[in-house]
Amino acid sequence: MRRLLIALGILGLGLGFAQKAKVVIGTGSTGGVFFYYGTALADILNKAGVAEAQPVQTGGSYDNLQLLRDRTSGDTYYCALTTTDSAYVAYTGEEPRFRDKPAKTQRVLFYMYPSFIHLVTTEKSGIKVVQDLKGKRVSTGQPGSSTENLALLVLQGAGVKPESFAKRERLPVAEGAKALAEGTLDAFFWVGGVPTSSIVELSQTLARKGDRIYLVPIDPKSTTAQVVMKRFPGLVEPYPVPKSVYNTRTDVPGLATGNIVVCPASLPEEVAYGIMKAVFSNLQTLRTAVAAAKDTSLEATARLYGKLPIPFHPGAEKYLKEAGLIR
């Protein structure tokens, strides 16, 4: 009996010191919603004891998907915050960086929020439509980012070539907002959650200078919008930004892509399930930390089920089935 108790004690010690899975969460640039969302997500997972979670700052979706594909090994799993369009072309290999080695190991966990295709300028710039960017100083987003890819698609739809700019920059959102405020840039593209803190701050800065932020509208019925939506059917959709968000004079029509959390297929099912449980049991905490998380929900996640060629993770499927949202 004594030997049995000793054996059980040793087993208990072993279980107590069982190593947690290490989950590294690829986020985005400072000032963008991915950065804050990923940081808040890691905090929730650590406090729930689901995994040893660590957020890392990156260039965004494609960087995150490359980390998931190339750096996951042993008990360290790289999860990615990514736009749905980026996840799609990385999975299919249509994106050049994934042509020889598609990110086939990614699995969907849950939907985060829509990312609006912001084309930000000021009222005093005189830029009213996409075609007005000709001869202006414009940033199309970080090289190879989802922002840049969608910006180039918008420009293509509008018949505007980057070569027609007076100057082309390729800046992350915080730097683009700073350059616009300082007058060294006329406009910048940014694909991100609503609201994006850097753009809220820019709006306040411009107001103090007697100017006002202007978001260039993209009519969902326009040729420009149709080109973008045709490229990503069902993944890029019409999305209006209320005037209260950035203090624009009117609501702004435009387009948005979705954002999702994907993890490698090798992530144990119980860990993926635990992540789902931790997030959706602490949803209010996440929404308090990140305004864009108001759109994070199990229902939005379930609506995405079957819409992407990318499979859902079995742990996420189990959680959604228990919630009665999928069969």
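Visitor: Which residues lie nearest the centre of the largest cavity?
Guide: Gly59, Gly60, Thr147, Trp190 and Val191, out of 25 lining residues. On a 1 Å grid over the protein atoms alone, a cavity is a set of points where a 1.4 Å probe fits but cannot get out; lining residues have an atom within 4 Å of a point. This is a predicted model: local features need pLDDT of at least 70, side-chain atom pairs count only at pLDDT 80 or more, and totals for chains, interfaces and linings use all residues. Residues are numbered from 1 along each chain as its sequence is written, and side-chain values use heavy atoms, without hydrogens and water.

Visitor: What volume does that cavity have?
Guide: About 210 Å³. A volume is the space filled by probe spheres set on the points, with grid points joined across faces, edges and corners.

Visitor: Which element gives the most to its lining?
Guide: E7, with five residues. Strands are DSSP E runs of at least two residues, helices are H or I runs of at least four, and both are numbered from the N terminus.

Visitor: How does that lining split by class?
Guide: Nine nonpolar, 16 polar and no charged residues. Ala, Val, Leu, Ile, Met, Phe, Trp, Tyr, Cys and Pro count as nonpolar, Asp, Glu, Lys and Arg as charged, and the others, Gly among them, as polar.

Visitor: How many cavities of 30 Å³ or more are there?
Guide: Two in the whole structure.

Visitor: Now pockets. Where does the largest pocket lie?
Guide: Between domain 1 (22-112 + 260-323) and domain 2 (115-257), because both give residues to its lining. The bounds come from an automatic or database domain assignment. A pocket is an open set of points with protein on both sides within 12 Å along at least five of seven lines.

Visitor: What's its volume, and which residues are nearest its centre?
Guide: The volume is about 360 Å³. Of 17 lining residues, Tyr111, Pro114, Glu237, Gly258 and Lys307 lie nearest the centre. The lining has eight nonpolar, five polar and four charged residues.

Visitor: And the second largest pocket, what volume?
Guide: About 150 Å³. Its lining includes Tyr62, Asp85, Asn149 and Arg231. H5 gives the largest share, three residues.
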